[in-house]
Structure formats: C-alpha cells, structure tokens
Amino acid sequence: MQEAKCAYIIIIMAVYWCTEVIPLAVTSLMPVVFFPLLGVRSSKSVCLQYLNDTNMLFMGGLIVAISVEQWNLHKRIALRVLLILGVKPALLMLGFMIVTAFLSMWISNTATTAMMVPIVQAVLDQMDNTEHDVTMMEQGTGQTNTVIELEEKGASDLPSVHVISNGQVPDDPRSSEERKMRKRVCKGMTLCVCYAASIGGTATLTGTGPNIVLKGQMNQLYPNNNDIVNFASWFGFAFPNMILMLVLAWFWLQCSFMGLNFKKSWGCGTERSAKEKAACDVLKAEMKKLGPISYAEFNVLLMFVLLVLLWFTRHPGFVKGWATRLFPRGEKFITDSAPAVFVALLLFILPANKPKFTGCKTSMSDSEQTEEDIKKPFLSAPLLDWNVVQRKMPWSIVLLLGGGFALADASANSGLSAWLGHQMTPLGSIPPWAIATVLSLIIAVFTECTSNVATATLFLPVFSSMATSVKIHPLYVMLPCTLSASFAFMLPVATPPNAIVFSYGHIRVLDMVKTGIVMNIIGVLCVTLAINTWGRSMFELDTFPAWANTTANQ
C-alpha cells in the first residue's frame, strides 16, 4: 500500500516536471506536504533531505564559482588561453571549446556560456569587418595579392571588377559563396560554445546538477557504499571521457560547418592573415580592459586552487588522504562538503584589497595623510558579499536536488524500489553493457524535453533498483545514465546554454537538431566506451558489491 502511495506522488511530480505547469522548484516541495499526509515518511525525515551533505557540497562549490565570476577571473583565463592557442579558424574553434569546457567544470554552464558568446561574437564581427575592408581596398586600388591573382584566372577582367564594385558586389558569385561560408563559420563557432559547456560540466562532481544527484542518490540508497563516488574518483572516470567527447565534437563541428579543407582551416595560406590579426586585436583589447591581475583576483585564484587540492587529496584511493592522516576517524566524518564550505567561509573573511600599513608612510604631510585615510576605509571589504551570493545562487536547483533526494529516500523506505527491482528481474538475461547502452540512449532522448536534473532525479532510483535485482553493480547503469542526462544537444529549450546561443539569432532550430543528433550519438558511444574500459577497473564493475547486496536485503 505504501509503495502505491509513494509511486502516486512520484508520477504526479514527474508529470509536473515534464510539463512545467508550475515552476520546477515548487514541484520539488510537494514531498514535504504529501509524504507525511499519506503516511509514507514523517515530516522530519523528508525535510532532512533538502539540505543534506550533498546539497552542502553543491552550495559550497557554487559560492566559490560565484567569487570567480564576481572578480572576472574566468574571463582572464579564457582570454589568456585563446591568445596562447592562436586564431587560425580551426584553432580558434578548438580554443573556444577548451576554454568553455574548462570553465564549465567549475562554474555553472549557463554563466560560462553567457560570458563566452559575446567574446565569440566580438571576434567574428571584427574578422568580418576586416575582411570587408581588405576586399574593398583591393578592389578599389586594383592591387590584389598573389594568392587571389592565382585563383582568378582572367587577369584582363580586373578593370570591369573595379567598375562593378560600386554597390554591386553581391552579384559576384565568389562573394556570395564567401557570405555563405561566413554564415556557416558563425554557426559553428557559436554552437561549439553551448556544446562545450554541456560536455565540460560532466568532468567534475560539482560541474552540473545530474552529477550531484548521483552522489546524493548513492548515499541515500546505499549508505554503506564506502564513499565510492567522491570528487577524485568521479574526476578520474569522467575527465578522460570529457576530453574524448570534446575532440570528437570539435571534429564533427569542423566537418559540418567548415569542411575538411585543412589547409584553409589551419591557415597554411596567407589570405586569412588580416582576419587573424583582427581577431587577435579583439582578444588583446579585451585583455587590456581587464588590466593587471588584482589582489582580489589573485586571492580568489588561490582559494580556488586550494579547494581543488583539498578535494583531490581528501580520499584519493591509492594512498591515505589528509582526512585520514590528520583527523581521527576522518574517513568517516569528513566528506567533500567540508572543504567546500571551509573555502566558502574564507571568501567572506579574506580582504579584497591589500592591507594598509599607515605607520610606515611618515614622509607624507599630515593633511595629505588624513585626506587619504578619510577616502579609504581602514578595513577592506571581503572577497565576497552575501548579497551577491544571494542574487547569483540558483536556489531553484538546490530545492530541485532536495526534492529528488526526498523521493529517493521515500522510494527506498516505502518498498517501492524493491518492488520495481523485482519487476525488472527478466532484464538479467541481457548483457550488462547492452542494458547500460540502451538506458543511456533513452535518457539522452528524454533529457531533450525535460530539465537535466529532473531527468536524473526520476530515473536513477529506478535504475539502481533494477541493478540490485539483476545483481549487477549499480554504478554500471547509474554512471552512464547520469552523464547522458547532460547530453541535451538537440533543442534550444533543452538546457540554458542552448537557449543563450539560440537567442543570438545565428542558428535555426533545424541546425541545432541536425548537429545535435550526431552529438547525442557521439556522447552515448563515448560513455559506453568509458564505462566498459577504465570505468570497469576503477569501480570494479564486474563484481556485485556487498554494500549493494545488504541494501537489497533490508
């Protein structure tokens, strides 16, 4: 009876999440009301799920990400990498993708895309303007460079080109071809940003919502799992997969929008030099606007590096981490949320400006010194202000995660998970890799229409029940499906990065659908490869772990 009541609430929430009749976050609050009323779980048990360990990890990571955004550190990193990689067409696209994916690992996919698209736009506009100016100059003076002379067979037609050039250039078939090519390059360059943001978010545990959902569900459904999914183990599995996907996505976008003319793409010829110089000038101008690295930026960078180091060295797996060495019973008491919140606290304490030592400045006259003291406060403002965090924190995602954990907790304790698992026992005759691949494809299609976090929240408890019933490692199914929940490549409404790129007006829905179908296939193939190669040995997926078995028998 309890299983049926729990299933009823889950079905209603699934319909509300898919149709968005009320906001996603509001739907996520339904368990607080209906589980106690129907006698499925007590109010105390349900409410505890909304700010549990995993949600605190997510919030700590987000506060650090907000500080990076606040001080424009992400923009400085982006521009520096693009200037290092160069501005040849192929390298420029690769540069945009690498920068977007790297930033998306640490700050939200939406913020990364919102920052990168204007940079892409500025570079493309400047390249187009420069190309137009060069073309007009060449046609006006009749002095074409040697490459164009070789391409144009009839040198005797030059005077007529000069005559026509006053307002009738569009009739020239070569210029219309150039315009089409420019449009395609523009589509490719903007699409690469939203795709790289979605791919990059999969590489770290806090990079995107579905990854956090998996971490929370594992702790919820398998309390004795020995912290099998932590920051270091997730990174070891997902980062190589992200690199592979990024390279294949770049190659696919190159083929789709720029053709396979590697001489042109890699810039072996000289005809693109003016455009490249223009693109480089834009990046340098943007870098100049930022000025030298400030004291606050340096401090935020230090805090960011400290957090990543603490996450990686807490429980690396192959050696004892700092949690075990420095603290008694540290491996049981300290999780990834502790360093995340610790660094978040430091951001509200450390000063944004260099501390002043006024006693040393005796050479200045008293009147000047007092004037300066009045202007500058003695105590500097901290690196982060709570009002900024309150404004930029995606509270809706925090509630969405909490609602998902409440559902997982209720389905495990009401017996719904065990019942669903029992219904799926016939799947045991199919090889595990086939089950994982088919389910990944289903999730990749489903996530195009619904929120990525909602998709993971709905499906992961069901898949974990299925895994325990057919006696396969739960992560064999849950890991690929979690990654697939981020593969929303086909529709503008599928995920915020797609919507941001689409709003700039260069891309039609059909362009995104055609490119996105192949991207989805690439994603599922890469995940299948990852889970059956290095994932198999990392998580010992060939075994059925004792912690999964004890949970099934409870």
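**Labels and their cut-offs**

Tutor: This is a predicted model; local features need pLDDT of at least 70, side-chain atom pairs count only at pLDDT 80 or more, and totals for chains, interfaces and linings use all residues. Residues are numbered from 1 along each chain as its sequence is written, and side-chain values use heavy atoms, with hydrogens and water left out.

Student: Why is Asn452 called buried?

Tutor: Its relative accessibility is 12%. Buried means under 20% relative accessible area, exposed over 50%, partly exposed in between (1.4 Å probe, protein chains only). So Asn452 counts as buried.

Student: What makes the link between the side chains of Asn452 and Thr447 a polar contact?

Tutor: The distance is 3.0 Å. A polar contact is a pair of N or O atoms within 3.5 Å; within protein, one must be able to donate a hydrogen and the other to accept it, and residues adjacent in sequence count only if both atoms are side-chain atoms.

Student: Which residues is Asn452 in contact with, leaving aside neighbours within four places in sequence?

Tutor: Contact means heavy atoms within 4.5 Å. Among them are Pro210, Thr447, Ala485 and Thr495.

Student: Why does Arg391 count as exposed?

Tutor: Relative accessibility is 60% for Arg391, so the residue counts as exposed.

Student: Where does Arg391 lie?

Tutor: Arg391 is in helix α21, residues 386-392. Helices (H or I, at least four residues) and strands (E, at least two) are DSSP runs, numbered from the N terminus.
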